[in-house]
Amino acid sequence: STVSGIQGTGLGMAITKNIVDMMNGEIEVHSEPNVGTEFVVRLRLRFTEQHREMGQIVELSGLRSLVVDDDMVSCQSVSKMLRQIGMRAEWTLSGKEAVVRTEEAIELADPFEVYIVDWSMPDMNGVETVRRIRRIVGDDSPIILMTAYDWADIEQEARAAGVTGFIGKPLFASDLHRALERSLGKAAPEADRGKSAVDESFAGKRILLAEDNELNREIAVELLSEAGFSVETAEDGRVACEKVEAAEPGYYDLVLMDIQMPVMDGYEATRHIRGMTNRERADVPIIAMTANAFEEDRERAIETGMNGHLAKPIDVEKMMEVLHKLFGRK
């Protein structure tokens, strides 16, 4: 009753292996038919240090701050973090009320110096709330927008409204501390979103990506294009072979070959390419991409004629490391 009858892809094993590797650990599998399977994971861990309160920010000590969020628990949590930093924290559940309280604070000559505003609120969203607060307080006060979503789509509008920084939900004290220091110019600025991470050693290099999953193709094309590669795609092994054979010798600098594909899998496609009469086509570097992350899978890829092996889900840093080695940069 616990067996679904549907064979999985083995992706869970690949994810587990990646996590263990990232923690500098080891994983072993002991399996015996009709008996069972034992997985052994060994990790070297250290004892945690005693809990330390987040340090105060001297420049903000004693100053007022306002948290704006329609969720009361979030308001209370963020306010507590602000008090640990040394601020006088207050909160409200409404964007409209935040605007009214901002006006009152100005009239009392005790203004709010920092605003933490949630983006998604029912009465008035965070961007509009910030826009109205900016009309009252001017450009000096830091206003940080909180959101549980990727803010890339709203960043331009939010910046124009007067947002000085962004923090994601769930919010941790270290994130808030870092965001406030950044707003005061005490920390390194956030990396600009959307900037291309073009690598000069990859510029002009052409990759053929053989991958049957459309979403996986889109993600890989985006990552490789940002690194400077020119990328063409094939939806299965047969199409990949046809493209290599039809292209001028040396046209492709690399083939990234998924293993599990319909029509012709990655192993068969690799054997076909290696058997081509033109040696320049036949010798094109081929890197396997597979959810099978064990040593025997890597060995099979090499035996088939591949030049390397990348486990899925793709680790971007690992992929770039493999590509740097392949194209001569350490």
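Author: Contact here means heavy atoms within 4.5 Å. Helices (H or I, at least four residues) and strands (E, at least two) are DSSP runs, numbered from the N terminus. The model is predicted: local features need pLDDT of at least 70, side-chain atom pairs count only at pLDDT 80 or more, and totals for chains, interfaces and linings use all residues. Residues are numbered from 1 along each chain as its sequence is written, and side-chain values use heavy atoms, with hydrogens and water left out.

Reader: Which residues of α11 meet α9?

Author: Helix α9 covers residues 266-274 and helix α11 residues 295-304. From α9, the contact involves Y267, T270 and R271. On the α11 side the partners are D297, R300, A301 and T304.

Reader: How many charged residues does the contact of α9 with α11 have?

Author: Ala, Val, Leu, Ile, Met, Phe, Trp, Tyr, Cys and Pro count as nonpolar, Asp, Glu, Lys and Arg as charged, and the others, Gly among them, as polar. On that basis the contact of α9 with α11 has two nonpolar and two polar residues, and the charged ones number three.

Reader: Are α9 and α11 roughly parallel or roughly antiparallel to each other?

Author: Axes are lines fitted to C-alpha atoms, for helices over the stretch in contact, and angles run from 0 to 180 degrees between N-to-C directions. The axes of α9 and α11 come within 9 Å and cross at roughly 25 degrees. Angles under 35 degrees count as roughly parallel, over 145 as roughly antiparallel, 65 to 115 as roughly perpendicular and the rest as oblique. The two helices, α9 and α11, are therefore roughly parallel.

Reader: Which residues of β3 are buried on each side?

Author: Buried means under 20% relative accessible area, exposed over 50%, and partly exposed in between (1.4 Å probe, protein chains only). In a regular strand the side chains alternate between the two faces of the sheet. Five of the five residues of strand β3 (residues 64-68) are buried, so β3 is largely enclosed by the rest of the structure. One side holds R64, L66 and V68, and the other S65 and V67.

Reader: What is the bridge partner of V67 in β4?

Author: Two strands pair if DSSP finds at least two bridges between them. Strand β4 (residues 88-92) pairs with β3 in the parallel sense over five bridges. The partner of V67 in β4 is W91.

Reader: What is the phi of N34?

Author: N34 sits in the loop between β1 (26-32) and β2 (36-42). N34 is exposed, at a relative accessible area of 85%. Its phi is positive in a residue other than glycine, near 65 degrees.

Reader: What is the phi of A109?

Author: A109 is in the loop between α3 (95-107) and β5. With 66% relative accessibility, A109 counts as exposed. Although A109 is not a glycine, its phi is positive, at about 60 degrees.
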